[in-house]
Amino acid sequence: MSDRMYINGKVFTGRCEEVFVTSFAVSGGSFSWTGGELDPTGRPVNQPVPGRRVEVIDLQGATVLPGLIDAHQHPTFVASFASGTCLLPPSVSDIDGIVSALRGDPARLADDQQPPDAQGMPWVLGWGYDESGLAERRQLTRYDLDRVSQRQPVFVRRSDAHSGSCNSVALRLAGITEHTPDPPGASFGRDKHGQPNGILTEIAAVEAVLAAAPPASPEVLVDALVRAGQHYSEMGLVAVGDMVSTIVENPLGLVRKAQDRGLAQRVNLYLGWDAICGNPPQLAESDRTGRVRIAGVKIFLDGTMSNRTAWVSRPFRGSRNEFGSRMASDDELRAALGYARANRIQLAVHAMGDAALSAVIDVLGDEEPWLGDIASVRVEHATLLTEDLTRRFAQARMDFAVVSHSIFYFAEYAAYAANLTTRQLLDAYPLARLYAGVAMAALSSDAPCTAWFDSDNVFRSVQAAVERRSSTGETLGFDQAITVPQALLLYTSRAARCAPFGGLGEIAAGRPADFVVLDSDVFTVPPGDLAKVRVAQTYIAGECVYDRRASSGQPGQ
């Protein structure tokens, strides 16, 4: 790999909101120099040249960013459902559309090919539906999915990935009847006669059904992970956090095998505490180091806003006693923290409601951190982040990182407006408060667990953060809008402090040479066009892993 110098660009370094340079050099997979810093008028302050001969590449004015980090993603979930049918908006708009899409799924057998015994038959899988975006404004039931097949099992994950729906065959294979008790923190929906109606609320109910489904083969999962990596490169993502990778068996081995076959991204894997708490594995140094590593353990403290299972301090809209669900006790939180500390990994806590966020601080806030420069405890989603909670996170003895979103409000506003009171809506995803009040903070997509087709398009998240408008045009508290540079910092250098991402996030000497070249200037396009910005090239360790202009002779060739 030859040394290269890139000149004549508009290079956002990720150091802070204002620092841009025109040039940088790459040597041995790392940045070796930056120069041509711009003054406030946009003119170069200096233009030094490294002392040795290098290949010079003219960026021709292109905008360059540090490689983008999606701190909260689900690649192993994507892999496990890779053969399923996508039901994200705007591809479907009603239940008839979902039924039609699932009837066209490759796993569905023709009616005359379906044997009477469903045991061993392939499952018809779908994912991504959101009832708030459907014309009927209701969840799918077994009666809807029985229209897909009355002999094959059918299962569909809701967009939040916490809940889902299945048909009568899947219920039968899972052994769920009118006598089956609800799992802790979850429920099986029932019709007016007390019979299961196929609605599965929260993770334990979903897992009770999926336990009857045959797992995807390791080979299929690895192939899907490699394809996911190619997609990430197209999106400009150089690193992702895989939250709850234990959705598949041996996630570390699978993702490392995908790495051997071309997955270029750094991947931080988080073990699900519910999956391992009975027999938690002791991690070796080799498990928690490398480009693919076990970085943490994740515990769920509450559910989601869109299905009213997040744990809130004031009741949801239209109710006097509906406060959501608490899904882990203080002792369980402490046990998960003890495991994380003993194994020198992070603890990630799913906490959306303000009551859940307060409990995180109450239980963990005075604990001693153990991971040095990065956060020991990550708080995932942090939806109702009040001013008081923001202050308490910042002042706690524990090093907290807060990972939140702009895409949720954009994609799922109808559900939030139906479930949250006016006060709660004002406190939902307060990005300006997060940016100003929490040093270790990130924006993320939670893809594919968001009800939008390109939720991991960083520039759609940036647009949502800047405009504070939903996909249907509602204004979402503009006082909590942030600027384009601020949003990008939450996907680069600020995000890099939220987890062990190996020095990513800045274009600076000594850092890994992960960067993206854009097809337009994200800092000057109209706010309404930010989601149209595309990545032209993605570089990881100085090597181009994606180039959409390979045949056009554009900058970076």
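Predicted model: local features only at pLDDT ≥ 70, side-chain atom pairs only at ≥ 80, totals over all residues.

User: How many salt bridges does a search of the whole structure find?

Analyst: Side chains of opposite charge can pair when their charged atoms come close. The criterion for a salt bridge is a side-chain nitrogen of Lys or Arg within 4 Å of a carboxyl oxygen of Asp or Glu. Searching the whole structure on that basis gives a total of 26.

User: Glu55 and Arg4 meet in a salt bridge; how many residues apart in sequence are the parts that the pair ties together?

Analyst: The N to O distance between the side chains of Glu55 and Arg4 is 3.5 Å. Strands (E, at least two residues) and helices (H or I, at least four) are DSSP runs, numbered from the N terminus. Because Glu55 lies in strand β6 (residues 55-58) and Arg4 in strand β1 (residues 4-7), the pair ties together parts whose separation in sequence, in residues, is 51.

User: Is Arg4 buried or exposed?

Analyst: Buried denotes under 20% relative accessible area, exposed over 50%, and partly exposed in between, with a 1.4 Å probe and protein chains only. Glu55, at 37% relative accessibility, counts as partly exposed. Arg4 has a relative accessibility of 17% and therefore counts as buried.

User: Which residues are linked with Arg158 in a network of salt bridges?

Analyst: The side chains of Arg158 and Asp130 meet in a salt bridge at 3.7 Å, N to O. This pair links distant parts of the chain, 28 residues apart, with Arg158 in strand β11 (residues 154-158) and Asp130 in the loop between β10 (124-129) and α3 (142-145). Arg158 is buried at a relative accessible area of 2%, and Asp130 is buried at 4%. The network links Arg158 with Asp130, Glu131 and Asp160.

User: Is Lys532, which meets Asp529 in a salt bridge, buried or exposed?

Analyst: The N to O distance between Lys532 and Asp529 is 3.3 Å. Asp529 has a relative accessible area of 30% and is partly exposed. Lys532 has a relative accessible area of 58%, so its class is exposed.

User: How many disulfides does the structure hold?

Analyst: A disulfide requires a pair of cysteine sulfur atoms within 2.5 Å. The count for the structure is 0. Cys86 is in no disulfide, as the nearest cysteine sulfur, that of Cys449, is 12 Å away. For Cys166, also in no disulfide, the nearest cysteine sulfur is 18 Å away and belongs to Cys449; the number of disulfides is thus 0.

User: Which are the edge strands of the open sheet of 6 strands?

Analyst: Two strands pair if DSSP finds at least two bridges between them. The order is β9-β10-β11-β12-β14-β13, with mixed pairing. Within this sheet, β10 and β11 pair in the parallel sense over 5 bridges. The strands that each pair on one side only are β9 (85-86) and β13 (187-190).

User: At about what angle to β10 does helix α2 run?

Analyst: Axes are lines fitted to C-alpha atoms, for helices over the stretch in contact (heavy atoms within 4.5 Å). Angles run from 0 to 180 degrees between N-to-C directions. Helix α2 (residues 95-103) lies across β9, β10 and β11, and its angle to β10 is about 145°.

Notes. Residues numbered from 1 in each chain as written. Heavy atoms only, no water.
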